[in-house]
Each structure stands twice: as C-alpha cells, then as structure tokens.
Amino acid sequence: MDTKTVLLVGVGGQGTILAGDILAKTAAAEGLDVKISEIHGMSQRGGSVSTVVRFGDAVSSMVVDPGTADVIVSFELVEALRAQQFLKQGGTMFVNDEEIVPVTVAIGNATMPEDPRAQLVALDSVLVPAGKIARQANSPKSTNVVLMGALSTALPFAEDTWKDVISKRVPPKTVDANLAAFEAGRKAGRA
Amino acid sequence: MATELLSGNEAIAQGAWECGVALGVGYPGTPSTETLENLSKHGDVYCEWSPNEKVALEVGIGAAMGGIRALVTMKHVGVNVAADPLMSACNAGVNGGLVLLAADDPSIYSSQNEQDSRNYAAFARVPMLEPSDSQEALDFVKRAFEISEEFDVPAMLRETVRIAHTKTLVQTSATRDELAPRPFEPDAAKYVMMPANAKRRRLVSDQRERDLIAFAETTDLNRVEMRGTEMGVICSGADYQHVREALPEASVLKLGMSWPLPPEKIAAFSASVDKVYVVEEACRYFEEHILAMGIDLATPPCGHLPYDGEMTPARIRASFGIDQPEHLDAAQDLPPRPPALCPGCPHRLVFTELRRIKAIVTGDIGCYTLGAVAPLNAVHSTIDMGASLSMAHGLELAGVPERNKRPVVGVIGDSTFAHSGITSLLGTIYNAGAGTLCILDNRTTAMTGCQGNPCNGVTLMEQAKGVNPLDVPAGKPLDIVELCKALGVEDVRLVDPQDLSAVRTALKETTSAHDTLSVIVFKSPCRLIDRSKGVVPTITECRKCGVCIQIGCPALGKDDEGRAVIDRNQCIGCNQCVQSCPFGCISKEGE
C-alpha cells in the first residue's frame, strides 16, 4: 500500500492521542508499517493539538505537509478550519460537530469564524455529532472512539481489527461502551 | 522477540533495559521525560530524578566510574546546566558505560530556544549517535554504551522531538543482559582533574578523537545508500526520513554518528555523486564541519534550506524546486488557541493580583510561563531555570522599582525552585537584596507530566508503582518555608493561593516593604494530581463587566449577549471566579 496520511486535530484534553493510538495499532495489526507523531508538553494545556498517523508498506517521514492528508479527523469545528490546508485534493474530512470557544475569543482578543459548519460543508466535510452520540450513550469520554468509527468508513481495515484493538486499548470497564461508540460512529460516517 | 509500536523515548528505555543499564538518572524536560519514566517501570533498573541536570550527570559519572552502566536523560537546554561536568568528564573518561541522552526541540514546541546538542558533542569531543526512528533508538542506545566502554568516554545520544515522540514499529527482546559491575579502583590520575592530570588527560582525549574518527570511517552507523549519481544528500535523524520522503531518488549518506564525522567517507560519497547537499534542521552543524574539511557542498536550486524550525518534506521540495501537492490556503483570521493554565489551576489568582498591582514580574520555566499569556499578561521575563529570583535582584540593582514606581516580583514553581532557584535566592540573601519572591508550590513538576521532585518528596521508583505526590507527607524531604527561613529570609509566608483576600494581603504587604526580602510560598496542589471536584458555581444576573473572564479560566466564556457562562464540563468548582466577581453574581448552590 502506498503511504496514507491521517491527521487528527483538536483541543488539548479531547483524547486525540488515544484515538491516534487506536488507528496506528489497527494499521499495524493489518500488517502495515506505521508511524504516529504527536506533540506533547506545553500544547497539552488547552491549546490546539495534532497527531499524525501514516501507514503503508514503508513509511518515511512522520509529519504532514499541506495537501498530503488523505483524511483529516477534527475533534472540533474551528480546529478543522485551522487544518484545512493539509487536506489532499479529494481527501475526506470528518468533523465532530462541536465548538470549543478559545479563551482568546472570551477575552475579546479574537472572534469566532462565521458559520464554520457551512465552510466545512462546502469542503465536503462529513459533520459527525460525535460528542452528542457519546453523551447520549452516557459515555462522554468515548467521543474520540465515535470519531474513529466514522474514520473507519474511509479506510480499508477490517471492522474486527478495529474492534480488537479498541477492546485491548481502552479501560476494561469501558470496552462495551467504546465498541458501541465505534459502531455508532461507523453509522454516522456512512451517513 | 516481539514487535511493538514504541516512541523513541520508550525504545531508548527498552534498549537501555535490554543492554543491562543499572542506573537511570535525569531531570524531566520535554521531549526527554518519558525515557526514564518507562525505564523505571521495568522495576529492575534503579532510576531517580535529580534536582537538576548537573546533579543528574554527576550521579551518572560517579556510577559509571563505579563500574555500572548509567543512562542520564535531559532536554537540550538541560545540557547547558550539565555542561560543567560534561566538559571535564569527557577527559576523565568512564569505567562502566555512560550515555547522556539530549532531547532537542526544533520548532520550539515546548522550550525556550532551539539549540542543537550536536554542538555539545563537538565541543566536549564525545561521540554522539543520532537515531532516525524508534528501532534505531533502541539499537543505538546499546551501541552508545559499547562505544562509551570501548573508547573510555561518555557518549551522547541525540534525539529530536520527532524521534522522541513518534511511535514506530520496533523489535524488542524479553531478555536483559545481566552485567556484573566492573571493578572499581581509585585512579586519581584519571579522575582528579587538577592541572597536571587534566593536561595529560587532554592528550588522551586527542588520541581518542583520532581513534573515534577511524571508527566513524568504518562503522555501519554511518551508511551510504546509493541510488542515482545525480545528487547525494548528507543527513541524520528525522531529517533522513524527510529526505527519503521528498527526494526518493537521491543517494544518501546517513550519518548515525554525528560526532566525530568521517572525513574520508564524506569525501568519497561526495566524489560519487554530481552534487552533494546537506539537509539539517536547527543549525548549520554538518554544513560548517564539512566545509571545514574542504568538501564543496551544493546549494539547492531554489535556495538554501531554512535553519529555523524543524525540517519537513515540503521545505525540502521547496528548496529543490519540486512541485508541492495542491492544497487549500490556510484559513485566515481564525481565533488563536494558545495553551493556558488549566481550568481550576489553583495559582491563577496570584497572576491576576500581580497584574492588578502592576508588578514587574520575572518569571520562570514551567507552567507559570503561561502567566505571560493573555489575559493574564502578568509575566515579563522567562529566560532559564531559576532566573526569576536572580533577575528580580538584578532589576532591583538597576533601580527599576524606584524608577518605574512598580514593585518587582519573582515567580517560580516548586520544582524549578529546587532545580536552581535555591542558589538564586541565596544570592539575594547574601547580598542583602530586597523584593518579593513568590514560590508557587503545586506539589509536582507539572508541565512535563507531574513528576516527583524534592519538594513533593515522591521518588521516581515510588511513582513507577503509582504513588501520587499527594500521598507523601508535606515537607518530606524538603519544607520550602523552613528552608527559606534557614537560608536567612525573615519574612516567609505560607498562603493559600485560592484565597483571594489572603493573596491580596500578602502581595500588598510584601511589595510595599521596600527594604526587606520577602518570600511568599503559595501552596496548593496541581489539578492534574488532585482531581477532586467542587460544586460548579452558578451565575445569576450577570452585569457583563467581564472581570471574571479576565482571570483567564478556560471554563469561563460569554454567551451571545455578553453574559459570563461556565462550561460545566471544564469547571472543577475551584471558587476563583466566585471571588473575582465584583458584584457577587457568581455563587455556589448551598454555600
């Protein structure tokens, strides 16, 4: 397989790292070479965060360049717009349909973009109500797994491989909730 | 053998474990921190955090002198702190292997500068290996120990953030080399660096350099990958991966050893291709050293590669005139989302009060650097670990408090205070300086992921077993208040930073006493180690004054009509906004 690039973006604390880990382990379980790169440290304190997962027969660079992401998964609307230049022509973007207002807006130093949903729909993005799905299932922390479910519809990995990795990777008590979240995400991703 | 997906740091820890390392020691610093954390989790390798990197390296030097293998870890700027022992240990040599891991941060994701540790290897004349993925990280740490012992010299291992924090597939072993400690016999001529010995050891270093160059010429750590003869690229580390991505047809001399360089190998590679280029990030290290060998380097057709920030395939394509993939423009005018103090950070009100009294604040490294970010805007300098206290003294000597009619206040965290703030404070005490020093004690080394330190008393081996710093009795082993008193500070106060009126009183009293030195220890645990939650306040009849918003809590925002609202998911019920509302509109039910 030629190298594929998935870019996960969001806000520190949203669970992008676990999501990236699930994706990378799924790719590895399918017999592919994989690299997953993330930035720790200061960016974890509520700032914009990103994780890059690349997989294929042999992966070289671990970073994403503009126009090279086959798929972008954004955990938040504004962060999806912030990442738009990384999307490959014809690539797919899955976006959690939720907004987190940055402190810069609250204190009056910046303004929110006008109608980010419309801008994203114009880019053929798939808006996934991942947070809502997770909360309705009484499992708000599984938003990231809902998004992995949506992402799974754009990748050639077996559903069982995903579920196997998720079962091993999430806390034991939450396996059923996360598998349900994954399936709900798959449904939403296909919609 | 097993195949695992490991970060560079996890792989280094695994390699160190496999090759019989008996001691891991360091100071936390992004992107190096997880190396020792992972090594300590093996359980059979003793690991400890030192108060600072100089101490860590000295412990490592002693352990290696004593005959065991020691891994010492730190971030790039930590090597500055450890440079003093490094620059002499390189001449004394080792007994057991000694490897210093330096983790660099090109693009400055979580640091105060972008310095390149390769320069330290050349400066100290110690061999340096540079892995380009996690498998090499695991393999190279073993090789570094072998080189250290074979050549009787500390070795360095350099990784950048894209190696440290990128996970790649690695073959791991379940068995560990059980090495008996090498015998130790005192050898003053080797280890006492007084002039007569140091002069002789310098000559030993000169011969060792020649031996290491001969080694570098033949080792498989430096690898030629011949493809076409049109162009060749010399590179190392993560840059190698970017070169393979952007210039797949290019021949490559991949340097796994970045000091010393192999002049003959480089000359031969250069002669085998029409044009030879260097691709490197952060500084002109290879370029300068190779030009000094008299070897011509070509400039890419569209201009020299940038040296600021990290390398990417896109940057390489741009310099070599290769088409970039089509893409959308970056969206304009999006609201920035910088990092901020966490919701409920107990030390937030110290910064809002310092802002209110218009203090000139010398800050320090760690979470409290975020006191410089809007809306707090309360910190006016951050240079290095421990600088807050000593720079405040310098500002006082420059007459700034009188000239600017504003108090000068130093602000430092507990781990940074133990790292190098104590000596800064001692300098002010010794020289009868005045001013106010705030030690924000959150009982952990928070920014790097809540490690132990001498102020919270939890050791790395305890933490590997799951001990929370909160479980360790306060003041064990170090009581900051008692220490400051013992050093000679008469006005030492212990204040709860979540009590606004107490914060206000302490800062008012200390900053208005111009001739005395005061230390305020603001003590309250980091919300990442104390996850308890209080009642989320409610806001009624908000007057839209915006004062609460200006405390900069990420859990506070405004609705469409400008009224303050609380994000119940983020709020931990800390009470700081309740105290900050001038109209009493924010309150807690049942309180």
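Chain A exposes about 7300 Å², and carbon and sulfur atoms supply 50% of this area (Shrake-Rupley method, 1.4 Å probe; for residues, only the protein chains shown count as cover). The model is a predicted one, in which local features need pLDDT of at least 70 and side-chain atom pairs count only at pLDDT 80 or more, while totals for chains, interfaces and linings use all residues. Residues are numbered from 1 along each chain as its sequence is written, chains are lettered from A and ligands numbered from 1 in the order in which they are written, and side-chain values use heavy atoms, with hydrogens and water left out.

The secondary structure of chain A comprises eight helices and six strands, where helices (H or I, at least four residues) and strands (E, at least two) are DSSP runs numbered from the N terminus. Read from the N terminus, the order is β-α-β-β-β-α-β-α-α-β-α-α-α-α. The C-alpha atoms of the chain fill a box of roughly 50 × 40 × 35 Å along the principal axes. A compact globule of 191 residues would have a radius of gyration near 16 Å, and the 16 Å of chain A agrees with this; the radius is taken over C-alpha atoms, and the rule is 2.2 Å times the number of residues to the power 0.38.

Of the 191 residues of chain A, 58% count as buried (under 20% relative accessible area, with exposed over 50% and partly exposed in between; 1.4 Å probe, protein chains only). Among contacts in chain A with a separation of 6 or more, 63% come from residues 24 or more positions apart, a contact being heavy atoms within 4.5 Å.

In chain B, helix α14 (residues 348-356) is mostly covered, with seven of its nine residues buried. These are B:Arg348, B:Leu349, B:Val350, B:Phe351, B:Thr352, B:Glu353 and B:Leu354. Their cover includes the strands β14 (360-362), β15 (408-413), β16 (435-441) and β18 (517-523) and the helices α20 (500-512) and α21 (576-580), all of chain B. After α14(B) comes B:Lys358, which has a positive phi, near 55 degrees.

Over all chains, the structure holds zero disulfides (pairs of cysteine sulfur atoms within 2.5 Å). For B:Cys19, the nearest cysteine sulfur is that of B:Cys47, 13 Å away. B:Cys19 is itself buried, at a relative accessible area of 3%. B:Cys90 is likewise in no disulfide, and the nearest cysteine sulfur, that of B:Cys283, lies 19 Å away. B:Cys90 is buried, with a relative accessible area of 3%.
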